[in-house]
Amino acid sequence: MEYRCISADCHIDLGWLPSDLFTANASQAMKARVPRVVDSPEGPTWVGEKGEFFGFVGGLAGAGRKYIPGMEHRLDRMASTGFFNDVQNVRRPGSPKYRIEDQDRDGIQAEVMYGILGVGAKVKNPEVATEVFRIYNDWLADFCAYDKERFVGLAAIPCHNVDMAVAEAKRAAKLGLGGLDFAFNWDMIPLWHSYWEPFWKTAAELDLPVHFHTIGARRDPPNFEMSEMDKLLENATLVSSFQLVMGSILSSVIHCGALERHLNLRIVLGESGIGWIPYVLERMDEEWEGRYRERLGMKMRPSEYWRRQCRATFQNDPVGIKLLEELGEECVMWGSDYPHADGVFPDSQEYIQRQFAHLPAAARRKITCENVGKFYGLIS
């Protein structure tokens, strides 16, 4: 395969999966507890064990909302390609054949796929969540086998329990998946805690990179009745700043010493954006020099661990491109975010040209192809 452009961040969400995936493959004890599709007045809907709403079939992103024409420019642009035609039967992102057609339309030769974001937080029972991830990972391995030169799948890893996380990581390695997508949520034991050391050790031994995809800040229930305008304002506020919370994940992983102890451990911040990272690294370096140099057991400045073992993905970040010298051009990887509304499908090549035209050809190729290709073994 001749690679010219590889997306480091794409998605397969719950809404695009086969409707009977979990009920057909769950153990007998779990069949009544895993997510399933039921009919509703608004169309087929994914629900949880107690009927909790998990999103519509063919729904968008982790929330599983419906496409409403005229509401969002990017979705209307996707619709112009026929993306939403016959969405109930032809779920393009969940079909290797149609997914490759969309890749070709977008000028992309391969992609890294994050999956079922948020399901781990919605499924509250640890055993049920682990069963869901097990079934999904098996399905994903078969999906990627359709064309391993074009699909790199990330195994969903539970965050409820470290032993479950370790066991599923080891199983994912045997399935041949390309990395570990840690289902981070705000109720889990903090990443800086020593509780997670067995997981860091396992990921390093397996040589599988650990991924943290941005999920935004914690949303606490409001203490007042919200109008529709209130909801719109809340959403606009959260969406505009949701990538910045990734700073706490980056800081936690570096400060806990996991990267110091495990040289083979690699970390990816998915869809995190990159413009904020130099500031956070500078703050970490300053605090390390002034307070923690002799106390945390870290032999290098935090920014040096970033350069050595961390990567971040973005789709459109002009500010970050201005800071490549501070970031290290080898540490950033472009992604289209297909098929999400804040992605750039089907106009990836236009966005790439707009962002990177002023860069040397070698730097452009690194950011849009070589970095991700070498990181996941697509390019030697």
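## Salt bridges in a predicted model

Arg283 has a relative accessibility of 33% and so counts as partly exposed (buried is under 20% relative accessible area, exposed over 50%, partly exposed in between, with a 1.4 Å probe and protein chains only). The model is predicted, so local features need pLDDT of at least 70 and side-chain atom pairs count only at pLDDT 80 or more, while totals for chains, interfaces and linings use all residues. Residues are numbered from 1 along each chain as its sequence is written, and side-chain values use heavy atoms, with hydrogens and water left out.

**Exercise 1.** Describe the salt bridge between Lys97 and Glu101.

*Solution.* Their closest N and O atoms are 3.2 Å apart. Lys97 and Glu101 are 4 residues apart in helix H3 (residues 96-105), so about one helical turn separates them. Lys97 is partly exposed at 42% relative accessible area, and Glu101 is partly exposed at 32%.

**Exercise 2.** Which parts does the salt bridge of Arg74 and Asp347 tie together?

*Solution.* The closest N and O atoms of this salt bridge are 2.8 Å apart. Arg74 lies in helix H2 (residues 73-79) and Asp347 in the loop between strand S11 (332-334) and helix H15 (348-356), so the pair ties together parts 273 residues apart in sequence. Arg74 and Asp347 are both buried.

Note on methods:
A salt bridge is a side-chain nitrogen of Lys or Arg within 4 Å of a carboxyl oxygen of Asp or Glu. Helices (H or I, at least four residues) and strands (E, at least two) are DSSP runs, numbered from the N terminus.
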